Amino acid sequence: METRRILGIETSCDETAAAVVADGRHILSNVVASQVELHAQYGGVFPEMASRAHIEMILPVIQEAMRQAHLGWDDLDVVAVTYGPGLVGSLLVGVNTAKGVALGRNLPLVAVNHLEAHIYAHWLATGFTGAAPADLSFPLLALIASGGHTELILVRGHGDYDCLGGTLDDAAGEALDKVGRLLGLEYPGGPAIERIAREGNPQAIPIPRAWLEGSYDFSFSGIKTAVAQLVQKRGGPPTGRAAADLAASFQEAVGDVLTAKAAAAAEEHQVAAILLSGGVSANQRLRNLAQERASVPVYYPPPILCTDNAAMVAACGYFRYLAGERAGWDLDVVPNLRLA
Ligand code: KG4
Ligand code: ZN
């Protein structure tokens with residue numbers, strides 16, 4: 001089959017990203033301009049500033065992706081762009097830029113669901129130890145845990161999904177980010193908590209889990225509140241060993257619930273493998289817990305492909321393109337877009 005080179009564009013939150021991927025698998029370039037420093041002073045993403053930073057960065061990022069791929073505009077076959085879920089102003093920048101490129105070069109435009117793209121990070125060839133093999137067979141179970149989402153998805157085939165459960169309140173990453181702030185750590189909280197948790201005892205502090213028995217739904221606001229009360233009781237954020245113990249105990253509670261439910265769903269639906277996806281799946285403790293508990297292989301992409309990037313958008317766009325999907329020039333963004 002003829003090679004298809006896809007330009008992927010991603011601007012759903014606070015990373016401006018562009019990538020070129022061949023046949024949904026081979027990364028020719030993958031450029032991410034993070035706005036983390038811009039938003040760090042607010043302890044979270046400031047939507048209007050995110051849109052404005054995307055406006056400034058999107059064309060330089062695309063040009064850099066084309067340069068690193070050693071390609072000219074005539075070498076592209078498809079443009080794929082995230083149209084939701086995400087921040088409306090941020091999504092608009094990516095979608096309009098993608099329309100401009102597709103119109104200008106007379107290329108097909110494919111609209112990509114950001115959640116689905118996180119799953120397709122597993123189709124990218126990386127040579128990474130935890131990465132999925134090229135011949136993944138269905139059904140699969142995807143755990144998407146990021147700053148905005150926590151979902152357990154049964155993947156029956158390409159583009160064929162069943163949402164088994166999701167968070168009823170905070171996303172896992174959101175809870176980590178909020179607890180990071182309570183502990184006085186830098187933004188984003190997830191990687192910062194993981195770093196200090198390495199020196200802590202995950203059993204040191206009892207953190208209550210919300211099991212929501214009999215469902216694959218999650219709730220993280222209660223454990224976040226438990227940490228807030230602990231911090232308040234001691235009159236401020238702990239430091240040193242006490243901070244490490246609290247971070248380790250909280251990280252353990254989040255990982256415990258996520259992986260117990262993922263392992264149970266994998267068992268019930270007899271899947272071939274579990275795909276850890278989204279920014280929180282960069283967490284090594286989560287990866288280890290999932291591997292300990294699941295009776296099927298657990299795969300995870302390298303960290304750069306767990307957090308938001310455009311290579312996953314291009315990979316997903318390739319499979320949507322093969323399925324015959326094309327977006328019209330009237331493509332709009334869908335901030336609350338769901339999967340399945
Ligand atoms: O997928 P992502 O980049 O953006 C969204 O689509 O939301 O996920 C970002 C989230 C943040 O909440 C961040 O704290 C979390 O992923 N995260 C981590 C780690 N790296 C990023 N959480 C735990 N451990 C990490 N190593
Ligand atoms: Zn994401």
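Tutor: Happy to! Keep in mind that this is a predicted model. Let's start with one residue: His 118 has 1% relative accessibility, so it counts as buried.

Student: Which residues coordinate the zinc ion (ligand 2)?

Tutor: His 114 and His 118, each through NE2, and Asp 308 through OD, at 2.0 to 2.1 Å. Asp 308 is buried too, with a relative accessible area of 13%.

Student: How are the donor residues of the zinc ion spaced in sequence?

Tutor: The pattern is H-x3-H-x189-D. His 118 sits in helix H4 (residues 114-120), while Asp 308 is in the loop between helix H10 (303-306) and helix H11 (311-322), so this pair ties together parts that are 190 residues apart in sequence.

Student: And how do I judge the geometry?

Tutor: Start from the ideal: four tetrahedral donors would give angles of 109.5 degrees. Here the four donor atoms make angles of 95 to 145°, and the site is irregular.

Student: Now the pockets. What is the general idea?

Tutor: Rolling a probe the size of a water molecule over the atoms shows where empty space is left. In this model the largest pocket has a volume of about 1,300 Å³.

Student: What lines the largest pocket?

Tutor: There are 49 lining residues, with Cys 13, Ser 146, Gly 147, Gly 148 and Asp 177 nearest the centre. They divide into 18 nonpolar, 21 polar and 10 charged. Helix H5 gives the largest share, six residues.

Student: Which domains contribute to that lining?

Tutor: Domain 1 (5-127 + 305-322) and domain 2 (140-300) each supply at least three residues.

How values were computed. Residues numbered from 1 in each chain as written. Chains lettered and ligands numbered in written order. Predicted model: local features only at pLDDT ≥ 70, side-chain atom pairs only at ≥ 80, totals over all residues. Heavy atoms only, no water. Donors = N, O, S within 2.8 Å, 3.2 Å for Na, K, Ca; no water. Tetrahedral: all angles 85-135°; square planar, octahedral: opposite > 155°, others 65-115°. Helix = DSSP H or I, 4+ residues; strand = E, 2+ residues; numbered from the N terminus. Buried < 20%, exposed > 50% of the residue type's maximum accessible area, 1.4 Å probe, protein only. 1 Å grid on protein atoms, 1.4 Å probe; cavity = no way out; pocket = protein on both sides within 12 Å on 5 of 7 lines; lining within 4 Å. Points joined across faces, edges and corners; volume = space filled by probe spheres on them. Nonpolar A, V, L, I, M, F, W, Y, C, P; charged D, E, K, R; others polar. Domains from an automatic or database assignment.
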